[in-house]
Amino acid sequence: MHIADGIVSTEAVLAADAVTVGVLYLFGRKVEVSEVPKMGFMAAALFVASLIHFPMAGTSLHLGLFGLAGIILGLRAFPAVFAALFFQALIFQHGGLLSVGLNTLNMGAGALLGFFIWKLSAVPESLRALAAGFLGIMLPAFLLTMEFQLSGYGRSVFFILSIYLIAAAAEGILTLVVVGFFRKVEPSVLG
Amino acid sequence: MKHSYIDKYGDLNSLLHKLDPRAKVLAFGAALVFMISEPRGEVGVFVFYYVLIAAVALLSRIPLVYILKRCLMAAPFILAAAVLLPLSRLSPNVGKTGLFTRENLCLSLSLLLKAFGAVILLTLLVSSGKFNNLLRGLRRLHMPSLLGSMFALMYRYIFLLNDEMLKLKLARESRTPGKLRISRFKVYGNQAAMIFLRSWKRAQVVYHSMLARGYHGEFPEYGRLRFVWSDGFFLAGFPAVFAVIRIWC
């Protein structure tokens, strides 16, 4: 899901970087010093999660945790996703350095959607957790395919969505289990 | 616990390692922009870029195998894009012209060269010094203080999370050896939550210790970064050569 440098047009990448700077300012302003450790910790968790691979359908998938980040951090999840992707680009070359803005828009949108779903208090908590985890992956995958299509890769890229369906389902179940555990053991972690 | 994937070659003694991190960040960033802005389908011009990148890689003394491994890590996504691009150009005439036309091959090759060139540049930037020093350079380039603090804390917490993850993995493998099985999803989910909570508790202890020592949102810096003539020369020269290739070749 991480777009490398040189895959999408430079103009689109630089425009996305500019938009990301704006969104980072919007969601990162007025952050209390006491909030920063939690944001830094969640960013580290997102980074480490990408090292955990699960064997599935002859291949392996790694965790994203964008929905969970939205549940725990709310709107502050966006800067945390940026930090995690920036580190992933630098250390593992997962995604390009210049494309980090575009990747943040995609995956940060997943985290924000997770947060908005979590806030729907009329829906049962387990369903909200499941949906936040599932859509936290599917929305970035959908945005990725749209960007690829706009960059001239044609409709064939939509098969990417079908691949991510498996990852999103796994992520949804994992988020459900993790949120259930937090609710029993340390409810204060949940936003 | 051993975490060697960060800073593995940060201690080497090369010309690139001696440069100021600010000069490297700006120079590599500018070079990256010039290279990836090459139009799709351009192939020949990458000979010049790769000669230049190879020269810098040689100067850095970072092993070629390590750089190739980094390329391999990024390969699946890049290769998928390189295959998809010509496929998207399929037309009703494909039967006459074929998929493997010179134009389509140039498109794929250009994309591969561009993307792998970017990966190599990024590897050279990150591996030619201590990661902490790179973050320090970014802070000195007036990165917003929120990001600076978050990066610094995140850098510490990554090791902490990794430690907890390895401990729990060892404990699980000693009790139930064998491969991970999808049917035990609830167990893995609970373990992930446990790693998160245990690490979070440790992270809070670290943070409270920092507060007790006078932390107020800014990390104190020990020692000054020195920007010398060689840094200025690299900062001006390296992107300039990329710009010349981009404009005239």
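What follows is a conversation in which values are set against their definitions.

Modeller: This is a predicted model, in which local features need pLDDT of at least 70 and side-chain atom pairs count only at pLDDT 80 or more, while totals for chains, interfaces and linings use all residues. Residues are numbered from 1 along each chain as its sequence is written, and chains are lettered from A and ligands numbered from 1 in the order in which they are written.

Biologist: What makes up chain A, and how do its elements follow one another along the sequence?

Modeller: Chain A has 7 helices and 2 strands, where helices (H or I, at least four residues) and strands (E, at least two) are DSSP runs numbered from the N terminus. Along the sequence they come in the pattern α-α-β-β-α-α-α-α-α.

Biologist: How do you know what radius of gyration a compact globule with 191 residues would have, and what does chain A have?

Modeller: The radius is taken over C-alpha atoms, and the globule rule is 2.2 Å times the number of residues to the power 0.38. For 191 residues that rule gives a value near 16 Å, and chain A has 16 Å, so the two agree. The C-alpha trace of chain A spans about 45 × 40 × 30 Å along its principal axes.

Biologist: Why is Val189(A) called partly exposed?

Modeller: A residue is buried if 20 or more other C-beta atoms lie within 10 Å of its own, exposed if 12 or fewer, and partly exposed in between, with C-beta atoms placed from the backbone. Val189(A) has 18 C-beta neighbours inside 10 Å and therefore counts as partly exposed. Val189(A) sits in the segment after α7 of chain A, and its C-alpha atom is separated by 6.4 Å from that of Ile72(A), 117 residues apart along the chain. With neighbours within four places in sequence left aside, Val189(A) is in contact with Ile72(A) and Phe182(A), contact meaning that the C-beta atoms of two residues, placed from the backbone, lie within 7 Å.

Biologist: How do you know that the end-to-end span of α2(A) agrees with what its 14 residues should give?

Modeller: The expected span of a helix is 1.5 Å times one less than its number of residues. For the 14 residues of α2(A) this should come to 20 Å, and the end C-alpha atoms are 20 Å apart, which agrees. In α2(A), 14 of its 14 residues are buried, while in chain A as a whole 58% of the 191 residues count as buried.

Biologist: What is called the largest nonpolar core, and which residues have the most contacts inside it?

Modeller: A nonpolar core is a set of buried Ala, Val, Leu, Ile, Met, Phe, Trp, Tyr and Cys residues joined through C-beta atoms within 7 Å. The largest has 138 residues, and those with the most contacts inside it are Ala43(A), Leu46(A), Ala69(A), Ala80(A), Val81(A) and Ala83(A). This core draws at least three residues from each of domain 1 (15-137 + 225-248) and domain 2 (143-212) of chain B, bounds that come from an automatic or database domain assignment. The centres of these two domains, taken over C-alpha atoms, are separated by 33 Å.

Biologist: How many residues does each chain give to the contact between them?

Modeller: Chain A gives 46 residues and chain B gives 52 residues. On the side of chain A that touches chain B, the largest share, 10 residues, comes from α2(A).

Biologist: What are the corresponding totals for chain B?

Modeller: Chain B has 10 helices and 0 strands, and 36% of its 249 residues count as buried.
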